[in-house]
Each structure stands twice: as C-alpha cells, then as structure tokens.
Amino acid sequence: MNALPYLSILRARFMLMLQYRTAAWAGVATQFWFGAIRVMTLAAFYEGAGKQPLNLAQVVTYIWLGQAFLAMLPWAADAEIAAAVESGNVGYERLRPIDTYLLWFARALAWRVANTSLRAGPVFMLAAVLLPLTQMHAWAWRMPASGLSAALFVVSITLTAILSSAITVLLNIVVTALKTQRVVGFSMGLVNLFSGLVIPLALFPNWAQGALLWQPFAGLADIPYRLYFGALSGGMAMQGLAAQALWIVLLVLLGRWWLDRVMARIDMQGS
Amino acid sequence: MNGFALYWRYVGVSLRGQMLYPTAFLLRLHSQFLVTIVEFGGVWVLFQRFHHVRGWSFAQVALFYAITSIAFALADGLSRGFDSVGPMFVKTGNFDRLLLRPRSAALQITAQDFTLSSIGRVAQGVVALIVAIALLKPDWGIGTVLLLTWSVAGGTALFFALKTFEGTLSFWTTEGLEVANTLTYGGEAAAQFPLDIYSAWFRKFLLYFVPIGCSLYLPVALALGRDVGVPAWVAALAPATGFAFLFVALAVWGIGIRHYTSTGS
Amino acid sequence: MAQIKVENLSKIYRIAARDPGLAGAFRGLFHRQHKEVAALDRVSFALEEGELLGFIGPNGAGKSTTIKILSGILRPSAGHCDVGGLVPWESRVAHVARIGVVFGQRTQLWWDLPVIESFELLRDIYRVEQAAFASTRDRLVEMLKIAPILDTPLRQLSLGQRMRCEIAAALLHRPRILFLDEPTIGLDAVSKLALRDFIKALNREEGVTVLLTTHDMHDIEALARRVIIIGNGRLLRDSSFESMRADVLGERRLIVDFADEPSDVAVEGATVRARDGRTVEFAFDPSRTPAHTLIAKVAAAHEIADMRVEDPGIEEVIARFYALHGAVDA
C-alpha cells in the first residue's frame, strides 16, 4: 500500500498549523493556565485528606498529561468533511483513488499527531521544567514511575491516537449519514467524563472501577496516564492495553462496515 | 430608533433565525446543559471522597458554583458575538459592513449574536443553585437575595467585559484568540470554588487585577456568613467593579476600532 | 465649492512576508518579516455636487482603497479628505449616515431575511422617519423593478436581483452621495443595462453625486463624463474620456466591405490593420487625413459594398493608456 498520500496529508496538516504561529503559542498558554487552575483546585482538596487511590503528585501529573495531550481526543468530526456534507459535495470524496475510510482515518490521525506535537512539548517545558525551577515542585509534572512505565506509556498513547482517530471517523460517518454536524456536540460531555479528563477515573467510587476501565473512552486519557505513573501495573497494565486494543478493533470494524453502507447510498443517490 | 430599542429589534431578528432550525437549537441547548452538568457532577464526585475543602462543604461550594455559572452563562448568551468578531467579521472583511452603518459596532455585534441556547448553561447553574439551597436550608432575607442577584449582575458584567476584550484582540490578530479563554473560561473554572482555597497570589490576582472575585466570591461568602477579611459593606459593593471593568473594556474596544480603520482589511 | 475634496491621499500597508516550505514555516513561528506596499500615493481630486465620476485602473491600483477612505472605514497614512464638510474617518457615524455605499462583492442585506425586512431594519438603523421611508422605498422599488422579490429571502435571489436590492438598500435613507465599487461585476447583460440606466437617472435627474469604480469599460462609456485613472496607487489621468481618447489613441478606423476581394488595397494616408476576405480595416489619423478624403480615395480604387467609421473601443484605449504608463495589475 502506498503510504505517500497519507504522509503528504500529515505534512499538509503540519504546515497549516505552523502558519498560525500566534494560535500555537496562545493554545499552549491557555492549556497551561487551565492545567494550573485544576492543579490548584485539586491541591486544596488533598490538603489534610487521608490516603487516596492516587496521591497528589500522581493527580497533578495526570492533569498535566491531560493538558498536553488534549488535542488527542476526538473532539469533533473533521470540519472539512462536515462542510462537504452540509454543502452536498461529500460524494466528491469518492472521486479520489484512495480508500475513503483510510483517507478519513489518515486525516484524523494527522490532525491528532500534528496538533498534539505542537502543544505537548511546550506544555511539558512549562509544567515539568519551569515549575520545579521556580520552586513550585508540588505542582510540577513528574517523571514516569520507571523505564517500564515510560515504555508502556508510549505504547498506550500510540493506541490512544489510533483509538481517537477511529472514534473521529465514526463521528464523520454519523455526520455524513445524518447530513448535519449538529448532533456531534452532544457527545462531548460524555467523552470528557468517561475519558477521565473531568475527574481521574480512579477517584470515582470504588464499585465503578471495573466497568470504567473497560468502557471505550478510558483509553483516550485515563489508561495511558495511569500507566505513566505506574498506577496500573503488571496484570492491570496488560488489561488496560488490551481494553484499548479491543475497542480499536471493534470501532474500526464498525466504522468500515457502516461507511460502506453510507457511501453506497450516496453513490446511488448522487448525494 | 434609539440604541436600546434597536438592540431588541436585532435580537428579535436573530432569534427568529435561530428558531428556524428548532432541532438544531434544542440539540445545542441540551449539549450545553450536558457538558456543564457533567462538570458539576465531577465536583460532587470529588466531595464524595474528600468531604471538605479548606473548611467549605459541598453545599457551600455548590452555591459559589451556581452563582458563577449563572453569571457566566448570562454573559455568554449576551456576548457571543465578540467570539466571532475575528473569524466572521474581521477576517472576511465584513466588519466594514458594520462600520458603514451609522451605529456603534459593538451594539450591532452583541445584538446580532444573542445566543438563546445559553439557556442550557443557565439551567445547569440553576440546578446547582437548587442543590445548594436544598442542602444548606438557609434563612435568607430579601437583603441576601438582592445581594446574590447583585453578585450575579456584577459577574455578568465582568465576563461580558472579558469577552469584549477578546473581541478587541481580533483587531490585532485573527489567530491566537484562544488565550482570552484563560480569563473567561479559566476565570469561571476558578471562581466556581471559593477563592480562599487558592494561594494568596492567585486570590489577589482574581480580586484586584481581574476582579472576578469581587463579584462572585466576596458577596457570596458574605451571604454564607463567612469572614473573608473585608468589611461587610465592601463585600456588598464589590460587584460594582464588574461594571467599572466593562466601562474600561468598551473604551479599549474603541481603540481597537481605530486600529482596524488604520490598517484596513 | 466642491462637495468631495481629496488632497494628497496616501496609504501604506504593511504585509507579512513568509518564507516558503516547512522550514520557513517553523522560522515564521519565531520571527516575522514585513514589507511595505503603497496602495495610494498622493492622490488628489475634487468632485462637485451632482457629478458622476468613473474611477478605473488595473487590479490592485488603489480604487477600492480610495472608496474605503472616502467611506470613512479606512484611515489614510497621509493626506486630507473632506466630504460635505466632514472628515470621513473622524466623524464616522455622522458621515456614513449621509452616504450610500455599494460594494459589488459584498452585501449589506441580511442573508436569511426577506428583502423587505432588511429594508425595514435599515430604516431603523438609519433613523428614517416612516413616511419618508415609505415614499422612498416605493419609488426605488418601482425604478428598480424589485416588487415581486421583496418577500424573498436574499439567499434565494440571483446575483442580478441581489444587486438591484443592494442599490435600493443603499438609497433608502436618501443620501446625496453614492459610492459604487464594482457594482456590475458578474451581472448578466440585461441586469447591467438596467443598472446603468438607473444610475444615470439617479445622477442626471436627481443630482445624486456618484463615484463609480469598475472594470467594465462599457459602464464608463454609458455613464461617466469624467474619468480618473489610477495605476500603482498614483493618479494617472483626470479628464473627460473623450480628451483621453484623443490623446492616447487618436486614430480612427474605416472598415470596408468590398464588392470583390481586392488584390492591392494600399492607400495613401492610411494603414491596413486587418483584412479578412472582402473586409478590410484601415487605420488613419483624422487630423491629417479627414475621413471623407480617405473614403473617396478607397471608393475610387475599388467598388465598395458597405462601410463604417469607428473610434477605437474603450478597452483598447484604456489598455493602450495602461501600457503607456506602465500601469499593470498589482
């Protein structure tokens, strides 16, 4: 399979991002600030609190990871595709000699990788390097628990990128099938909550922990972050990775099947 | 037709446009409610584990949360136009259209983007308020109710002013406006908790520099009977700073327009 | 006393320059370069009340910039401007209440609203009293023939219909000055003619001062007695069109259809521009060879079936003018 068209999609995405240099810096500043507010809030809660499933250092790191990798999440359907759907031009996607699912997947993945790589680095510099330098150790982004944790994190965050892209493509398909992008905003609250970005999943009531780990959104943030600071280890770590992989397979299969049906209908009706 | 009447005329036109697509409108409203109520749910989950934060209980925090959310939501509904000044007007050159009319541009922008679906956000604030009142079971007189309303008003003015600043920024750059979110959404996120849980420097920042705390912390703490180190009358008058801030924001907006007309589109 | 006075108007823009490629884009994150472009360079002219001025020039010459400055939505870098006693950019609200502006590629009407509702909203914005509004509206609707489309939302109208509504909208508050920036762009022939007739009537019968920028030379031919030509931000010519034609391309053309295909058509006092079978086009300088003299010479040499005398087309004149002044698309 020729990877060239997909690589050029990635490159195009990077170029687009770099054009808006002020936006890039502003995005970093915004996320750092939001992270800081959440850290301060959580720190106040932890004061004088007893033992918790995650200690403050881990929660703080969790929050920073969340900010750095915020762009990883499937926030919305691809804007260009949504526009094409609403103007009725989506049928033209079929004119390209590339598999539509793979094309959309490549776009989603490129979006995630490009946006994240631009933000993650600077947020890391600010939260992991600058904060300790200014004596605010308690609020700094900590290093991974061990070499193994770091490696598992890398594997997991890669799976996150893929999982998120699969979900984004599903959003694209929903938009194409319903011919409108307005429904998509609905899902944001739920994705936010169940990925752990509102509250780390470990801080939810104990009885819910099993179910929370195996729902599809856990792999978007919670699983890689917990692997990072070793809160998931050994058998649990394997479970986390397996959960991510499982959902990837399921959602990709669902996406391919559904997209074929939707596109077949469009091919016939001429959208 | 004077400015005030014209504002409502515009709002009527804009609302009719929004209501043309009722399903979309309802979906937007619901998703706003859902996204924000989930955050309130998150606060509740935290309190299940921690029970108290620096001496404040869930019920008390819920009141701060409610007042802040309502103020923010009201401001959001009224000032949504400033969000889109950059991409919709400045970048496209359509801002010229506004300047060609013998009216203030700010009036035209706020009136035309009056967003009714913000009611979803307001509803979430009201839910939090109901929870707070149900748990606190306070005995508030008319004075306290007025105080809380005045607090919401000051907060709304302040968030509106911040949105105006954001719109003004777009005269200088149509990118990077995200940074204004640190003050608007960030300010809301911070003020949802009583400010004394933060370190001194941050609390002072939110009281003296961007006076969110003056409108949304001091009066509410006063209503809850907590001593916050300032005399009661100061806490009661503090929301006026929100309006002063708004005055400044509109003056800066004027400077922004001057810049726009100097550099062209 | 001139109604519109423009003195030494200059406008300089700073534009960000970016290096190409990925590396250039990365560098652009940290350091930005600018270059300066002079959109207008000491332009001066004056308009009396009731004049109709045609403003032409290649793309990017500065026409739209001039209109924006005169409208008050752009500040010049240098120079002075006076419209009816007001400086446009300093007294914006008072000034725009007195003028009408139509930008050919933008609309000031509301996209989703029926046209009549847009009109009513404008009435409120411009504070026009109801009785005056009703009579003006009715007249404009009649003159522009837009009665059948008044209740249609703007987005459902064709471009020609939209432009007619646009012009009506610009005149609802009875301004004495009208700025038109490329109003006939993209319109079909019938709409263009209708629009030209309307503008002509507005100017000749009601005495509205009109400043019109356009690329369509036939607009100029039909409407403008006076033309200003802008090139690269500078004012190149300010005169009647006829005097410019005489200066730039004074030759005339004689087009003859001969009875038979002539073998040799050389004639003293004229050059052959083109020939196609029996038709030959001669060019001659009327100051040296009067038209009747040339016609007599040609008729004496060969039998003529039909003929006509023409002046060079306006587009040719303008193109020649641009070439002479090195004025090119910016």
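Is Ser87(A) buried or exposed?

## A serine at a helix end

Ser87(A) is exposed, because 9 other C-beta atoms lie within 10 Å; exposed means 12 or fewer such atoms, buried 20 or more and partly exposed in between, with C-beta atoms placed from the backbone. Ser87(A) belongs to helix α4 (residues 79–87) of chain A. Helices here are DSSP runs of H or I with at least four residues and strands are runs of E with at least two, numbered from the N terminus. Lys179(A) is 92 residues away from Ser87(A) in sequence, yet their C-alpha atoms are 9.2 Å apart.

## About the model

This is a predicted model, in which local features need pLDDT of at least 70 and side-chain atom pairs pLDDT 80 or more, while totals for chains, interfaces and linings use all residues. Residues are numbered from 1 along each chain as its sequence is written, and chains are lettered from A and ligands numbered from 1 in the order in which they are written.

## Chain B

Chain B has 14 helices and zero strands. Of its 265 residues, 47% are buried. Its C-alpha atoms fill a box of roughly 55 × 40 × 35 Å along the principal axes.

## The nonpolar cores

A nonpolar core is a set of buried Ala, Val, Leu, Ile, Met, Phe, Trp, Tyr and Cys residues joined through C-beta atoms within 7 Å. The largest has 227 residues, and Ile67(B) and Leu212(C) are among those with the most contacts inside it. Helix α3 (residues 58–83) of chain B gives this core its largest share, 15 residues. A second, separate core of nine residues includes Val256(C) and Phe282(C).
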